[in-house]
Amino acid sequence: MQMACKEDPDKLYFSDNINDIIKFYYCFNDASELIKWSRSRPSAEINIVEKEGDSEIIFIVPTPDIKDKLTINLLESIKDFHTILVESKGKDFNYARSVNKGVAIALKYNPRWIIISNNDIIIRDDMKKLYLKLLNIDNKKVNSVIGAGGPHAFKLCKFTFLSNLLFLSKFKQKFDILKKFNVKFYFYQYKKFFDIICKSLLCAKNIAFFGEFLIISPYYILRNNGILFDETYINGVEDHDVFLNILSLSSYKPIHFNIEHLHGRTLENNDKRYLRNYINIIYLNYKIENNIIKINKNKIIL
């Protein structure tokens with residue numbers, strides 16, 4: 001792969017300097033080159049620890065440290081269930097790869113449901129209630145169970161003249177990156193002011209949780225060759241990819257269950273992380289443009 005810059009893109013991408021991260025995107029001529037770089041990245045070491053329990057529902061918990069406070073607190077809440085802890089950290093950590101390693105082990109137990117939970121989740125409800133509800137849902141017909149009755153929305157949008165104008169005037173450097181890679185689609189959650197500049201293609205409302213506490217049928221994973229997440233993504237958007245696929249198949253059930261997500265406690269939320277996440281948005285656009293991800297234009301209220 002011929003680079004358009006002389007500097008090491010790996011060092012630029014993981015730099016603490018915003019300008020270096022911006023420069024990273026100019027190392028590539030197009031999305032295909034960027035995707036090749038992402039796929040060529042090495043894998044961080046992965047350590048698997050299993051906790052015995054009821055294997056009809058198996059939890060997979062990716063964590064940087066199985067002994068950290070967040071993980072220990074979560075384990076106390078799910079102590080009755082078989083849990084696969086996937087410990088990995090460092091520059092080459094890849095969330096999708098960690099989850100897929102855990103999924104491969106979970107499938108050996110032939111569970112009814114698999115739950116992939118961030119380690120920064122606090123369960124505020126009775127796990128027995130969730131257990132009984134899940135056992136009454138046909139996992140051969142339903143691909144995923146989505147948390148309903150929450151305050152969140154997910155919108156997939158297409159850039160419009162108004163949104164272009166906003167990005168050009170306030171975020172020119174960032175918009176130039178999106179423009180370079182011909183990004184046409186973007187998504188947002190929580191921020192209602194985007195409604196006025198968003199040409200909505202798909203909207204799901206009243207979401208309580210999905211990616212951070214993902215309840216998935218093993219049959220859905222098996223139909224996808226035993227792979228849940230696309231490992232080309234780098235710690236972001238892989239769950240939105242699955243979410244779009246689940247919605248396009250119209251095979252999901254809403255469920256009411258109370259959890260709290262401590263956003264950004266494991267991977268920080270800051271400008272550097274958001275800018276690094278552009279590689280994932282570019283890849284999502286590539287998959288939509290090439291009809292790898294299919295979009296059903298509709299409105300969903302959970």
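Arg97 is buried, with a relative accessible area of 13% (buried means under 20%, exposed over 50%, partly exposed in between, with a 1.4 Å probe and protein chains only). This is a predicted model, in which local features need pLDDT of at least 70, side-chain atom pairs count only at pLDDT 80 or more, and totals for chains, interfaces and linings use all residues. Residues are numbered from 1 along each chain as its sequence is written, and side-chain values use heavy atoms, with hydrogens and water left out.

Stay with Arg97. Its side chain forms a salt bridge with Glu231, and the closest N and O atoms are 3.2 Å apart (a salt bridge is a side-chain nitrogen of Lys or Arg within 4 Å of a carboxyl oxygen of Asp or Glu). Arg97 lies in helix H5 (residues 95-106) and Glu231 in the loop between helix H9 (218-223) and H10, so the pair ties together parts that are 134 residues apart in sequence. Helices (H or I, at least four residues) and strands (E, at least two) are DSSP runs, numbered from the N terminus. Glu231 is partly exposed, at 28% relative accessibility.

The whole structure holds 13 salt bridges. One of them joins Lys272 to Asp16, with the closest N and O atoms 3.7 Å apart. Lys272 sits in helix H11 (residues 271-276) and Asp16 in the loop between H1 and H2, 256 residues apart. Lys272 is partly exposed at 24%, while Asp16 is exposed at 63%.

Now turn to the cysteines. A disulfide is a covalent bond between the sulfur atoms of two cysteines. The search of the whole structure finds one, counting sulfur pairs within 2.5 Å. Cys5 and Cys27 form it, with their sulfur atoms 1.9 Å apart. Cys5 lies in the segment before helix H1 (9-13) and Cys27 in the loop between helix H2 (18-24) and helix H3 (31-39), so the pair ties together parts that are 22 residues apart in sequence. Cys27 is buried, at 0% relative accessibility.

One cavity of 30 Å³ or more is found in the whole structure. On a 1 Å grid over the protein atoms alone, a cavity is a set of points where a 1.4 Å probe fits but cannot get out, and lining residues have an atom within 4 Å of a point. The largest cavity has about 50 Å³ of space. Its lining includes Leu34, Ser38, Thr232 and Tyr283. H3 and helix H12 (278-289) each supply at least two residues of that lining.

Terms used
1 Å grid on protein atoms, 1.4 Å probe; cavity = no way out; pocket = protein on both sides within 12 Å on 5 of 7 lines; lining within 4 Å. Points joined across faces, edges and corners; volume = space filled by probe spheres on them.
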